[in-house]
Amino acid sequence: MVKVLMVCLGNICRSPLAEGILKSKVFRFKIDVDSAGTGAYHVGEQPDRRSIAVAKANGIDISTQKARKFKVKDFDKFDYIYVMDNSNYRDVMALARNDKDKSKVKLILNEVFPNENLDVPDPYYGGEFGFKNVYNMLDEACDVIAKKLNPDV
Ligand code: 4NP
């Protein structure tokens with residue numbers, strides 16, 4: 001079973017959306033998708049209501065997700081670790097124990113814009129538009145990821 005982990009800072013805005021969107025595209029296949037945050041501020045909380053709303057508007061229910069912190073053991077459990085921005089990238093890479101761990105960590109927008117190292121902007125302090133923008137970016141990235149994981153998609 002292929003295992004994919006989506007990572008942001010709080011695990012309440014961006015990575016829960018990425019988890020829900022990718023799950024909606026690969027649910028027919030044996031692919032496990034989870035998400036986590038590099039920070040512990042929101043551990044145990046459900047996703048931000050604005051992420052829940054934009055997902056719901058697109059037919060995806062992320063309301064039952066619970067925030068958790070990224071842990072070193074995630075390098076063992078997951079095959080692909082997609083981070084939302086360059087700050088998440090630095091934080092996760094700093095925890096990597098070896099080259100194998102490091103090779104699993106990728107900026108999610110590099111799937112759409114290879115080698116450009118673009119950030120999925122943190123929408124936490126912005127308005128509703130920021131969440132729609134994040135949703136659209138992640139939807140595009142998850143399309144590419146789903147096709148990579150299963151060429152029949
Ligand atoms: P996320 O957004 O990393 O996309 O979940 C954030 C949510 C909360 C905070 C920062 C980012 N915070 O600092 O509380």
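Predicted model: local features only at pLDDT ≥ 70, side-chain atom pairs only at ≥ 80, totals over all residues.

User: What makes Asp48 buried or exposed?

Analyst: Its relative accessibility is 11%. Buried means under 20%, so Asp48 counts as buried. Asp48 sits in the loop between E2 and H2. Setting aside neighbours within four places in sequence, Asp48 is in contact with Ile12, Cys13, Tyr124 and Phe131.

User: How do you know which class Asn115 belongs to, buried or exposed?

Analyst: Asn115 has 70% relative accessibility. The cut-off for exposed is over 50%, so Asn115 counts as exposed. Its place is the loop between strand E4 (105–107) and H6. Phi of Asn115 is positive, about 65°, although Asn115 is not a glycine.

User: And Asn11, buried or exposed?

Analyst: The relative accessible area of Asn11 is 2%. Asn11 lies in the loop between E1 and H1. Its phi is near 60°, a positive value in a residue other than glycine. Asn11 is also one of the residues around the ligand.

User: Why is Asp143 called partly exposed?

Analyst: Asp143 has 29% relative accessibility. Asp143 is in helix H6.

User: What links Asp143 to Lys25?

Analyst: A polar contact between their side chains, at 3.1 Å. The limit for such a pair of N or O atoms is 3.5 Å. Asp143 can also be set against Val26: they are 117 residues apart in sequence, and their C-alpha atoms are 9.5 Å apart in space.

User: How do you know whether the length of H1 agrees with its residue count?

Analyst: Helix H1 runs over residues 14–26, which is 13 residues. The expected span is 1.5 Å times one less than the number of residues. For H1 that should be 18 Å, and the end C-alpha atoms are 18 Å apart, so the two agree.

User: What makes H1 largely enclosed?

Analyst: In H1, 11 of the 13 residues are buried, so the rest of the structure largely encloses the helix. Among the buried residues are Pro16, Leu17, Ile21, Leu22 and Val26. Their cover includes strand E1 (2–8), strand E2 (31–37), helix H2 (49–57), helix H4 (86–93) and helix H6 (128–149).

User: What makes E1 largely enclosed?

Analyst: Five of the seven residues of E1 are buried, so E1 is largely enclosed by the rest of the structure.

User: How do you know that E1 pairs with E2?

Analyst: Pairing needs at least two bridges. E1 and E2 are joined by seven, and they run parallel. Cys8 has Gly37 in E2 as its bridge partner. The chain passes from E1 through H1 to E2, and this β-α-β crossover is right-handed.

User: Which strand pairs with E1 over four bridges?

Analyst: Strand E3 (residues 80–83), again in the parallel sense. Here Val7 stands opposite Val83.

User: Which residues are around the ligand?

Analyst: They are Cys8, Leu9, Gly10, Asn11, Ile12, Cys13, Arg14, His42, Asp122 and Tyr124.

Notes
Residues numbered from 1 in each chain as written. Heavy atoms only, no water. Helix = DSSP H or I, 4+ residues; strand = E, 2+ residues; numbered from the N terminus. Buried < 20%, exposed > 50% of the residue type's maximum accessible area, 1.4 Å probe, protein only. Contact = heavy atoms within 4.5 Å. Polar contact = N/O pair within 3.5 Å; in protein donor to acceptor, adjacent residues only side chain to side chain. Right-handed = clockwise from strand over helix to strand, strands pointing away. Near = heavy atom within 4 Å.
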